[in-house]
Amino acid sequence: MARAVSARRKAGYSVAAWVVALLIFFPILYTIITSLKTEPEAIAGFNLVPSFTFESYRTVQSQNDYFRPFMNSVVIAVGSTILALIIAIPAAWAFAFSPTKRTKDVLMWMLSTKMMPAVAVLVPIYLIFLRTGLMDTRIGLTVMLMLINLPIVVWMLYTYFREIPGEILEAARMDGASLWNEILYVLTPMALPGIASTMLLNIILAWNESFWTIQLTTTNAAPLTAFIASFSSPQGLFWAKLSAASTLAIAPILIVGWFSQKQLVRGLTFGAVK
Amino acid sequence: MATQETRKLARVMRAPAIFLLLIWMIVPLGMTLYFSFLNYNLLNPAMTSWAGWFNYQYFYTDPAFIQSIWNTLVLVLGVLVITVVGGVAIALLIDQPIFGQGVVRILVISPFFVMPPVAALIWKNMIMHPGYGVFADVAKFFGMQPVDWFAQYPLLSIILIVAWQWLPFATLILLTALQSLDGEQMEAAEMDGAGFVSRFVYLILPHMARAITVVILIQTIFLLGVYAEILVTTNGGPGYASTNLVFLIYRAARLNFDIGGAAAGGIIAVVLANFVAFFLMRAVGKNLD
């Protein structure tokens with residue numbers, strides 16, 4: 001798109017784009033601003049300049065033990081991602097480098113499990129969790145989120161692995177590389193970027209998953225999604241406190257997201273849009 | 001590299017993932033199907049008995065069921081219209097030569113990373129609250145009566161929140177598609193005197209058709225499952241005004257302890273989702289060849 005554009009037109013487009021972008025971002029921005037206000041300030045009407053107090057952040061930690069749900073989120077999101085990768089990497093590998101006639105069908109079937117609405121299996125999963133004592137445990141939720149995201153992880157890895165040229169393997173073999181050396185020195189370096197972006201996307205998805213995390217936890221294993229949802233019950237006017245808790249809950253994943261936005265398109269469309 | 005040995009190895013490598021997903025698919029769904037034919041209430045599990053089609057009859061003839069299906073469709077369609085139309089417009093805008101394109105992109109994509117309960121509570125309290133929200137402040141500034149969004153327009157309010165969450169997704173994917181458009185073609189059309197409208201209709205839209213399809217189908221899968229946004233804002237009310245199918249089933253299972261009824265509701269959720277999935281699979285499947 002190397003068209004000559006007059007400076008004035010560019011300025012016009014820029015202003016329009018920035019206005020739209022700021023409007024879309026505004027709720028997040030306003031939450032961050034409000035988190036730095038005092039409670040009376042927070043409900044005193046529209047005001048973009050806070051008094052920069054960190055009181056609300058301190059209160060969220062001291063009154064609600066914010067650190068516990070935060071650690072639960074970290075353990076569950078990272079744990080389920082690593083678990084999914086351990087199972088998915090070999091599978092995606094086999095699909096990409098040793099395809100059979102049925103590979104495409106199997107992959108489509110895996111994708112179709114992702115289409116199953118969570119609520120359809122709410123009853124059995126809830127009962128199983130109750131009976132086996134998995135209710136409100138980190139391990140139960142970790143396994144659950146691993147299962148939910150496994151199809152996406154396999155698919156994403158598959159689309160990345162498929163782009164590794166097979167000739168390179170042949171060349172390595174001609175040079176006398178053993179299977180182990182082949183994997184360690186030729187394939188792994190080429191596969192790592194794909195694995196890394198799959199991991200980031202999956203951590204985002206697991207961090208924000210808000211059906212099972214709310215259904216299958218009460219207090220002990222409750223991650224941030226369930227913790228924040230508990231703020232919906234009326235407990236007075238704690239705008240600044242809610243803002244502080246919200247800011248803390250979304251900040252880490254917002255930053256991860258900014259870094260992985262390019263892979264996001266590919267991952268969430270199962271490679272249909274690149 | 002398809003020697004006998006590697007093929008055997010490949011089978012072993014595939015097995016765990018396939019096995020896990022097979023169990024994950026068959027066991028809970030089978031249980032749901034089984035429960036849907038039982039009179040089974042968690043408050044009184046000793047009274048469990050065979051119910052035949054009773055749960056289905058009971059669940060599907062409930063007026064709340066019809067309303068929840070309607071709400072589900074309105075929610076999905078409303079969000080789709082806002083995000084696709086808005087997404088195309090914003091993608092076209094960002095694709096223009098602008099200052100600070102990278103930052104604009106980051107600002108626009110951000111809401112997608114906000115977890116649903118946070119998104120819903122931010123909107124409920126900071127933006128749409130009739131007393132202290134920004135909308136109310138704006139209304140007061142213009143001397144108008146603030147709107148009590150969640151009491152007066154519960155479903156619309158939820159549509160707005162969910163649309164805000166998904167607008168970035170649509171924009172990002174449509175922008176990616178737009179950026180692969182052939183610049184020379186556009187230039188040629190422009191030289192031949194094609195105005196923006198005809199370029200949009202005959203060049204840009206056909207080019208984006210596939211991406212738009214993907215956006216619609218993937219969003220539909222997720223939008224059929226909207227739950228947390230309703231839980232923290234309206235709790236499905238007033239009455240059933242903002243209860244979708246997911247929320248109705250959740251209510252039956254977790255608040256009424258009606259396992260049989262919730263299972264029967266779950267089965268129709270599966271049918272609904274499969275209907276959508278069928279089309280998504282075809283769109284994605286084409287890409288494999």
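Chain B has a radius of gyration of 24 Å, whereas a compact globule of 289 residues would have one near 19 Å; the radius is taken over C-alpha atoms, and the globule rule is 2.2 Å times the number of residues to the power 0.38. The model is predicted, so that local features need pLDDT of at least 70 and side-chain atom pairs count only at pLDDT 80 or more, while totals for chains, interfaces and linings use all residues. Residues are numbered from 1 along each chain as its sequence is written, and chains are lettered from A and ligands numbered from 1 in the order in which they are written.

The C-alpha trace of chain B spans about 75 × 75 × 30 Å along its principal axes, and the chain contains 13 helices and 2 strands, these being DSSP runs numbered from the N terminus (helices H or I, at least four residues; strands E, at least two). Of its 289 residues, 44% count as buried, that is, with 20 or more other C-beta atoms, placed from the backbone, within 10 Å of their own.

Between the chains, helix H1 (residues 7-35) of chain A packs against helix H3 (residues 63-95) of chain B at an angle of about 135°, the axes lying 9 Å apart; axes are lines fitted to C-alpha atoms over the stretch in contact, and angles run from 0 to 180 degrees between N-to-C directions. Tyr13(A), Ala16(A), Ala17(A) and Val20(A) of H1(A) make the contact with Ile90(B), Leu93(B) and Ile94(B) of H3(B), contact requiring C-beta atoms, placed from the backbone, within 7 Å.

Conventions:
A residue is buried if 20 or more other C-beta atoms lie within 10 Å of its own, exposed if 12 or fewer, and partly exposed in between; C-beta atoms are placed from the backbone. Two residues are in contact if their C-beta atoms, placed from the backbone, lie within 7 Å.
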